Amino acid sequence: MLQVYSPQVTPRISFIFDLIFKNILGLEYRVTDNREAFLKCSGPRLNYSGSRFDSEVFIESSGLLFDKGVRPQALRVSAWNGTKMFYETSAGSDLPFDIFAASFWLVTRYEEYLPSIRDKHNRFMASESLAIKNDFLQRPLVNIWSAILKELLLTKFPGLVFTPPEYSYISTFDLDNVYCYKGKSWWRNAGGAVKSLMRMDFSGIGQRIKVLSGKIPDPYDHYDFHRSLQKQYGIPIIYFLLYAKKSRFDGAVSRKSAAYQALIETVKKYAETGIHPSYFSGEKPGLLLSEVIHLAKALQKPVTKSRQHFLKLSFPATYQNLVKAGITEDYSMGYQSHPGFRAAICTPYFFFDLKTETVTNLKIFPFCIMDSTLYDYMKLSPADAWPHIKSLVEEVKNVNGTLITIWHDRTFCNTGLYKGWKALFAEMVKIASTKKF
């Protein structure tokens with residue numbers, strides 16, 4: 001066991017020590033603010049304070065974890081040991097930066113509590129982030145730093161025992177539409193046919209008629225394909241269901257339709273499910289709760305997982321609302337415009353609310369790859385997207401993290417903009433799977 005000294009044991013200290021020592025490194029530790037008791041310890045020791053005592057591992061603290069509230073930080077990012085660092089320390093520290101403060105700043109999304117430029121959907125923009133400005137968005141820095149800390153500890157205390165989690169992969173899907181034609185009212189299908197006619201898209205009209213008459217499958221109906229890959233590679237699947245009334249930004253089939261209800265009955269037998277809260281639910285907590293209740297009724301079990309539609313995250317309000325609605329797992333931590341690690345981590349962790357200075361029971365599951373990022377924002381072909389996917393999978397595997405990907409229902413139709421993405425998905429699952437060949 002590692003004995004750790006800190007002059008104060010604040011909620012911030014407890015949170016980040018648990019995350020790094022327990023969750024990432026699998027190391028048992030005990031923290032104390034009693035200097036005399038710490039000095040009497042004869043085993044492995046780490047001192048997190050303003051000055052070194054004797055032969056312990058010493059990490060100089062920057063003060064952030066003894067602070068309260070949110071205020072602008074004067075951060076300077078520099079290169080070190082093949083990675084990036086900030087919150088630099090003096091020469092006496094065994095690490096040249098305060099790993100605990102830097103990790104806390106990143107995973108709590110400290111910068112997103114501060115005033116910033118927002119996009120048209122009121123989302124924090126990746127271009128405003130420290131990670132983009134300093135070119136480390138594609139690196140899970142918190143995991144990388146934790147590995148460096150592990151090596152430092154083992155150098156001084158080779159008897160320490162670490163039992164870190166193994167690499168894992170979770171394949172997730174956002175069902176923004178559920179189906180292209182099935183399950184929609186006659187007037188929505190009629191309106192869609194008129195739009196196709198105005199575009200002189202006669203093949204689209206013919207496809208719609210064949211699907212609705214049962215002659216061919218719906219172009220978004222590839223759930224059996226997901227299931228076949230799950231059986232082949234043994235991967236967990238989570239479907240996030242948009243279960244709301246139609247609006248300008250919410251286009252799923254009616255939650256009352258027989259087609260949607262039949263799909264729910266099918267997928268819940270082999271996959272986990274969660275809510276995909278509607279676009280306006282972030283500003284209307286009552287609407288969020290209503291959608292959760294309706295979906296729970298359809299599933300006949302509690303809804304505890306969530307991913308924000310349009311990835312609309314506002315700190316801390318979004319997560320506070322999810323907690324109130326009974327959600328215990330959220331999968332929204334990532335950018336819509338850039339692949340990579342929004343919180344610089346690929347290990348699930350609990351949400352620390354900087355407004356209340358408390359750890360909540362809401363666990364955040366960060367993702368790093370999303371299909372629409374690659375084809376909508378980056379304008380990549382499947383071939384050009386592959387190196388980005390492969391690199392991120394390797395980053396997560398290298399630190400024994402949890403890889404989470406997002407694919408959308410429409411991406412599997414294999415026509416137009418989406419041609420080739422179904423095959424790319426299968427290749428991604430193959431390399432992401434832990435199954436050995």
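Contact here means heavy atoms within 4.5 Å. Helices (H or I, at least four residues) and strands (E, at least two) are DSSP runs, numbered from the N terminus. The model is predicted: local features need pLDDT of at least 70, side-chain atom pairs count only at pLDDT 80 or more, and totals for chains, interfaces and linings use all residues. Residues are numbered from 1 along each chain as its sequence is written, and side-chain values use heavy atoms, with hydrogens and water left out.

**Stop 1: helix H9**

Select residues 258-267, which form helix H9. Its buried residues are Ala-259, Tyr-260, Leu-263, Ile-264 and Val-267; buried means under 20% relative accessible area, exposed over 50%, and partly exposed in between (1.4 Å probe, protein chains only). These residues are on the same side of H9, because they cover an arc of only 135° around the axis. The arc is that of the directions from the helix axis to the C-beta atoms. An α-helix has 3.6 residues a turn, so residues three or four places apart point the same way.

Now show what covers that side. The cover of the buried residues of H9 includes strand E7 (168-175), helix H8 (223-233), strand E8 (237-241), strand E9 (272-275) and helix H10 (285-299).

**Stop 2**

Select E8. Strand E8 is largely enclosed by the rest of the structure, as 5 of the 5 residues of E8 are buried. Ile-237, Tyr-239 and Leu-241 point one way from the strand, while Ile-238 and Phe-240 point the other way.

Two strands pair if DSSP finds at least two bridges between them. Thr-172 stands opposite Ile-238 in E8.

The bridge partner of Phe-240 in E9 is Gly-274. With H9 included, E8, H9 and E9 make a right-handed β-α-β unit. A crossover is right-handed if, with the strands pointing away from the viewer, the path from the first strand over the helix to the second runs clockwise.

Within E9, pick Thr-273. Thr-273 is buried, with a relative accessible area of 7%. Not counting residues up to four places away in sequence, Thr-273 touches Ile-238, Tyr-239, Leu-241, Val-267, Leu-299, Lys-301 and Lys-305.

**Stop 3: the start of the chain**

Select strand E1 (residues 2-5) and strand E2 (residues 29-32), which run parallel and are joined by 4 bridges. Tyr-5 stands opposite Thr-32 in E2.

**Stop 4: the nonpolar cores**

A nonpolar core is a set of buried Ala, Val, Leu, Ile, Met, Phe, Trp, Tyr and Cys residues joined through side-chain atoms within 4.5 Å. The largest one has 131 residues, of which Phe-21, Leu-46 and Phe-100 touch the most other members. Select Phe-21 and look around it: leaving out residues up to four places away in sequence, Phe-21 touches Leu-2, Val-4, Gly-26, Leu-27, Tyr-29, Leu-46, Phe-100, Leu-149 and Leu-153. A second, separate core of 10 residues includes Ile-170, Phe-365, Met-370 and Ile-404.

**Stop 5: cysteines**

How many disulfides does a search of the whole structure find? The search finds 0 disulfides, a disulfide being a pair of cysteine sulfur atoms within 2.5 Å. Select Cys-413, which is buried, with a relative accessible area of 15%. The sulfur of Cys-413 is 7.5 Å from the closest cysteine sulfur, in Cys-180, too far for a bond. Cys-41 is partly exposed at 23%.

**Stop 6: loops**

Go to Lys-68, in the loop between strand E4 (57-60) and strand E5 (78-80). Is Lys-68 buried or exposed? Lys-68 counts as exposed, at 63% relative accessibility. Leaving aside neighbours within four places in sequence, Lys-68 is in contact with Arg-12 and Glu-357. The C-alpha atoms of Lys-68 and Leu-354 are separated by 8.0 Å, although these residues are 286 apart along the chain.

Asn-81 has a phi of about 55° and lies in the loop between E5 and strand E6 (83-85). Tyr-87 has a phi of about 60° and lies in the loop between E6 and helix H3 (99-107). Asn-81 is exposed, with a relative accessible area of 56%, whereas Tyr-87 is buried at 12%.

End at Pro-316, in the loop between strand E10 (305-306) and helix H11 (317-324). A cis peptide bond joins Phe-315 and Pro-316, with omega about -5°.
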